[in-house]
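Grab a pencil and work through these exercises with the structure open beside you. Try each task yourself before reading its solution.

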Amino acid sequence: MSFKGWSVRISATDGTICGAGVHLGQNLVLTCAHVVTDALRPGPLDAPDGQVLVEFLGTASPAPLPATVAEGGWWPVGERQEGDAAVLRLTAAAPTDAVPAPLNTDWRRGDTVWAYGYPRHRDLAAGVHASATVIGETMTTGWVQLNDRHGNGVEIQQGFSGGGVCDADGSKVFGIVVLALQAERMSWVLPVGLVAERLPLVREALTAAAIPQQRSAESEWDGLGTSYELPADIRDFTGRAREIAELIEQIRENTVGPAIHSIAGMGGLGKTKLAVHLAHKLAPDYPDGQLLLDLEAHKAGAEHRPLSTEHALLAVLQATLGKPQNLNDTARLGRMWRDVMRRRRLIVVLDNADSYQQITELLPEHPGSLVLVTSRRRLDELGVEGAVPLALEEFDEETSVRLFTAIVGEPRAATDPEAVRDIVRLCGFLPLAIRVKASLAAGRQRRYPLARIRDEMAKETDRLKGLRAGHLSIHAAFSTSYGCLGDRERELFRRLGLHPPGSVSMRAAAALVDDPVAAEDAIDVLVTESLVGDEGGRLHMHDLLREFARERLAADERGWERHREVAGQLLDFYLAVALAAQRTLIPARPVADSPDCEHAQLPDVSDRKAALAWFRAERENLLRCADLAEEFGQTSYQWRIPRAIGHFLSLASETDVAIKAYETGLTAARGRDPRAVADLNALLGEAYRVAGQQDAAREALRAAHDHYAGAGDRTAAADMLTRSGYVRENLGDRAGAVADCERALTEFTSLEDEFGMAEANYTLGMIWRLRGEYARALPNLITAGSLFQELDYSLGEARCLNLTGVVLRLQDSSYEDALPLLSLAEELYEAAGDIRGLAHAINNRASVLGLLGHVDDAVAIHSRALELLHRTRSFAYPDALLVGADLRSRQGDHESAEQQLREALAYYEPAQARFGQARAHLLLSAALLGQGRAEEALVQARESLKLYRELASEKGAKQARAAEADCLAALTADAT
């Protein structure tokens with residue numbers, strides 16, 4: 001195509017030549033922003049008003065035409081020297097023989113390119129050619145540097161700004177000149193692809209230019225070419241060893257049917273590179289040729305115009321046979337092609353396939369040739385043809401590091417291996433993203449320390465912008481997939497970007513869209529297009545795709561309020577299900593809240609197993625909702641969701657996580673929702689107690705009680721008294737502990753609240769157990785267990801059985817009676833999902849087995865209790881260490897026992913757990929005495945005796961005195 005039809009000269013209205021431009025069609029012209037400002041002299045950043053003159057000197061109508069800056073067509077030079085583009089709209093029609101510039105995004109380092117400009121020199125004003133060599137992309141601007149080293153001829157200079165930079169015959173325009181340093185014979189180009197990302201009018205022109213119009217305007221054979229040879233394999237091909245081995249094995253084992261293999265996955269995974277690499281490895285097995293045909297399902301500017309089946313058949317037949325007959329008969333062409341594949345041994349890569357319908361005539365029916373189909377879409381119908389599917393995934397970390405290293409070189413990668421790992425993580429382990437970033441690191445950023453590249457990536461608000469090098473662009477890959485979607489699918493895709501990172505249930509995805517009923521079909525399309533993954537009914541979106549989705553949301557659904565509304569829909573969905581699941585798990589104490597919206601498709605959490613399963617599956621999402629609520633100003637959900645999941649967090653023994661969530665919610669609720677402040681203080685009080693922070697627990701519970709009492713909520717106020725009793729006991733306030741529980745019991749009895757009565761009785765039983773008053777503990781525990789059983793609250797029943805078993809164990813003579821109770825408690829705890837309770841029951845059963853002389857059996861089961869309690873950071877972990885130490889001592893392993901006891905004391909002392917300290921010192925005395933260290937043992941025995949006396953524990957003091965006597969006897973024996 002001649003440049004004459006699209007190259008224009010731009011002047012001020014006084015005739016002063018200011019630069020050049022390229023015709024985009026539709027009466028639009030692309031030029032530099034600074035060319036327009038030179039002509040009009042406006043402010044530095046505003047889109048200028050006024051007219052410039054555009055001349056189509058290469059047409060039959062060269063008269064100047066007035067033009068103004070088109071709406072949305074202004075991109076001036078930024079602070080970092082990026083940009084410098086303007087789109088002009090002609091006020092009159094362009095000449096009839098003017099043509100749109102053949103825009104193209106394909107440029108390569110080392111290419112020789114041409115530009116046509118209009119210098120102000122009177123002898124050159126009609127235009128002149130200049131040529132230069134592409135050097136490469138600059139660091140931050142995205143501009144591409146050109147060098148003219150010829151030493152003669154006209155160089156790119158003033159008057160070339162805005163002019164198209166193209167190949168030798170003007171058939172590909174990949175950018176416009178933006179800057180020239182005439183003395184140094186250097187210039188810079190703003191690539192068309194970069195402008196298209198910023199200016200929609202240029203993006204539309206690029207799309208139109210990419211559509212291969214010759215398919216309808218020219219004969220079937222024109223432009224098809226005669227060779228579709230396989231591209232060269234790449235030097236640094238990395239990874240996919242397992243996939244390649246499996247494919248080769250499957251291909252070579254198949255001797256009876258057609259060899260068809262499909263490779264599917266999201267853009268950027270390296271499907272084409274894998275297929276080409278595999279074809280090269282297998283080439284000796286297929287000596288009649290290896291072909292690759294791009295079927296153009298996802299191609300910039302042509303996403304809705306994939307290659308037709310007929311043209312695909314014509315292409316492969318011409319490549320193998322020459323011009324066939326009956327060119328308009330697709331069915332006959334298909335038969336001819338299948339006959340070729342049957343008679344020859346070929347490898348055919350059908351790359352970038354659009355659909356099963358597009359390629360069905362291209363597939364073999366007999367053994368002989370091998371067809372590899374790559375597509376971003378899951379072509380499940382290929383299974384009918386006996387195809388073997390392969391779903392590609394992103395690399396693992398080690399493979400990602402190897403790819404990055406292969407491109408930048410081992411010496412560079414070795415300078416900062418940790419930075420390399422961080423970089424590939426920020427690339428999402430996506431091969432194309434890694435390849436782009438490594439190419440930049442090896443090119444324009446080669447002098448940057450890897451840590452700087454890592455830090456810049458971590459700070460970038462738009463990571464996709466930084467993942468572009470030349471014609472390689474993650475953004476472009478994602479854009480073509482997005483362009484293939486319908487309106488409903490685009491809406492769901494965009495809004496999935498709002499969801500917190502992690503897996504998404506189908507119901508949660510439906511809550512994001514305006515028509516939840518249609519969401520299932522939209523999800524199917526997104527899965528088929530490889531824009532989301534489906535693992536067991538839960539959706540996963542790659543981190544970079546999520547970032548792209550958010551970008552599209554900002555562009556296609558403008559307005560923060562709309563985004564806030566969508567985020568609110570999702571948050572309210574999670575709140576609605578969490579409230580329902582909480583009511584299922586503890587129906588006697590539902591959270592005083594309800595969702596703001598009606599939700600038609602909530603999951604069924606009406607039984608305990610389903611409720612627990614939902615909480616476990618959505619744990620990460622529920623915890624991350626606070627960040628989403630803060631981002632979009634949905635402040636109430638910062639406390640409403642943590643409050644709704646409090647019971648589950650308690651069951652899961654995630655005390656540290658719970659405290660953080662409650663404290664964040666409490667900060668947000670203060671001054672806004674007094675009831676929420678009280679509820680969160682109540683949850684914090686319990687969490688602080690479990691974490692051993694008894695003073696903080698007392699203050700939080702007191703604040704909650706005061707609010708409830710002032711608000712007239714007698715039930716909630718009495719609940720706080722019950723919890724306060726346990727905390728006060730831990731703090732040594734013996735009278736206050738019993739008084740609080742008895743006040744609570746009186747209040748619950750007056751209210752006829754059986755659940756509250758059961759909780760108060762259980763806590764009293766716990767207090768009596770801690771004091772060694774076992775005869776007083778049992779009646780309270782029996783009463784509590786009966787009430788919980790009547791209420792069908794198995795978790796409460798498990799707690800009573802467990803504590804009753806402990807009391808029976810501590811009564812010395814009731815070990816056999818304790819075992820079945822503790823075993824049943826284990827079952828109920830496991831069914832209820834209470835990890836901490838389960839660990840307690842196992843720990844207690846191990847202790848009883850040890851007392852019965854079954855020490856080895858006890859040690860075998862006790863390790864699970866220790867593991868559970870340590871993993872959940874439970875305050876009961878040191879209690880389990882005491883049991884473990886006692887068992888080890890019974891086995892004669894006093895050294896291990898000592899180690900566990902000292903670890904237990906390290907927990908007990910800062911937590912002010914004096915009963916635990918007393919027991920630990922007592923057992924440590926025995927462990928030290930068993931090692932012959934009588935003097936150290938005596939110190940521990942006397943420390944234990946001191947604590948038991950302060951706690952008024954007669955039984956404990958008796959045991960400590962016996963230990964003291966043993967130590968003194970040992971010292972006497974040693975002295976004699």
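**Exercise 1. Work out which residues of β12 lie on each side, and whether they are buried or exposed.**

Step 1: Sort the residues by side. Met186, Trp188 and Leu190 are on one side of β12, while Ser187, Val189 and Pro191 are on the other.

Step 2: Check the cover. Both groups are buried, where buried means under 20% relative accessible area, exposed means over 50%, and partly exposed lies in between (1.4 Å probe, protein chains only). So strand β12 (residues 186-191) has 6 of its 6 residues buried, taking strands as DSSP runs of E with at least two residues, helices as runs of H or I with at least four, both numbered from the N terminus.

Before you go on, a word about the model: it is predicted, so local features need pLDDT of at least 70 and side-chain atom pairs count only at pLDDT 80 or more, while totals for chains, interfaces and linings use all residues. Residues are numbered from 1 along each chain as its sequence is written, and side-chain values use heavy atoms, leaving out hydrogens and water.

**Exercise 2. Find the strands that pair with β12.**

Step 1: Start with strand β9 (residues 144-147). It pairs with β12 in the antiparallel sense over 4 bridges; two strands count as paired if DSSP finds at least two bridges between them. Leu146 has Ser187 in β12 as its bridge partner.

Step 2: Move to strand β11 (residues 173-181). This strand also runs antiparallel to β12, with 6 bridges joining them.

Step 3: Look at the turn. The hairpin of β11 and β12 has 4 residues between the strands, and Arg185 takes a positive phi near 55° there.

**Exercise 3. How many residues of β13 are buried, and which strands does β13 pair with?**

Step 1: Count the buried residues. In strand β13 (residues 259-264), 6 of the 6 residues are buried, so the strand is largely enclosed by the rest of the structure.

Step 2: Find the partners. β13 pairs in the parallel sense with strand β16 (residues 370-375) over 6 bridges, and Ile260 sits opposite Val371 in β16. With strand β17 (residues 388-391), β13 is again parallel, over 4 bridges; there, Ala264 has Ala391 as its bridge partner.

**Exercise 4. What is the strand order in the open sheet of 3 strands, and which strands stand at the edges?**

Step 1: Read the order. The strands go β20-β22-β21, with antiparallel pairing.

Step 2: Pick out the edges. β20 (504-505) and β21 (533-535) each have a single partner strand, so one side of each is left without a neighbour in the sheet.

Step 3: Check one pairing. β20 and strand β22 (residues 538-540) are joined over 2 bridges in the antiparallel sense, with Val504 opposite Leu539.

**Exercise 5. Are Glu296 and Asp792 buried or exposed, and where are they found?**

Step 1: Most residues other than glycine have a negative phi.

Step 2: Take Glu296. Its phi is near 65°, a positive value. Glu296 is in the loop between β14 (290-294) and α7 (309-320), and it is buried at 12% relative accessible area.

Step 3: Take Asp792. Phi is near 60° here, positive too. Asp792 belongs to the loop between α30 (774-790) and α31 (794-810), and its 53% relative accessibility makes it exposed.

**Exercise 6. What are the buried residues of α1, and which strands do they pack against?**

Step 1: List them. Helix α1 (residues 33-40) buries Ala33, Val35, Val36, Thr37 and Ala39.

Step 2: Find the neighbours by contact (heavy atoms within 4.5 Å). Among the strands they pack against are β1 (7-11), β2 (17-25) and β5 (65-75).

Step 3: Look just past the helix.

**Exercise 7. Zoom out to the whole protein.**

Step 1: Count the elements. There are 39 helices and 22 strands.

Step 2: Judge the spread. The radius of gyration is 38 Å, well over the 30 Å that the globule rule gives for 976 residues, so the protein is more spread out than a compact globule. The radius is taken over C-alpha atoms, and the rule is 2.2 Å times the number of residues to the power 0.38.

Step 3: Check the burial. Buried residues make up 56% of the 976 residues.
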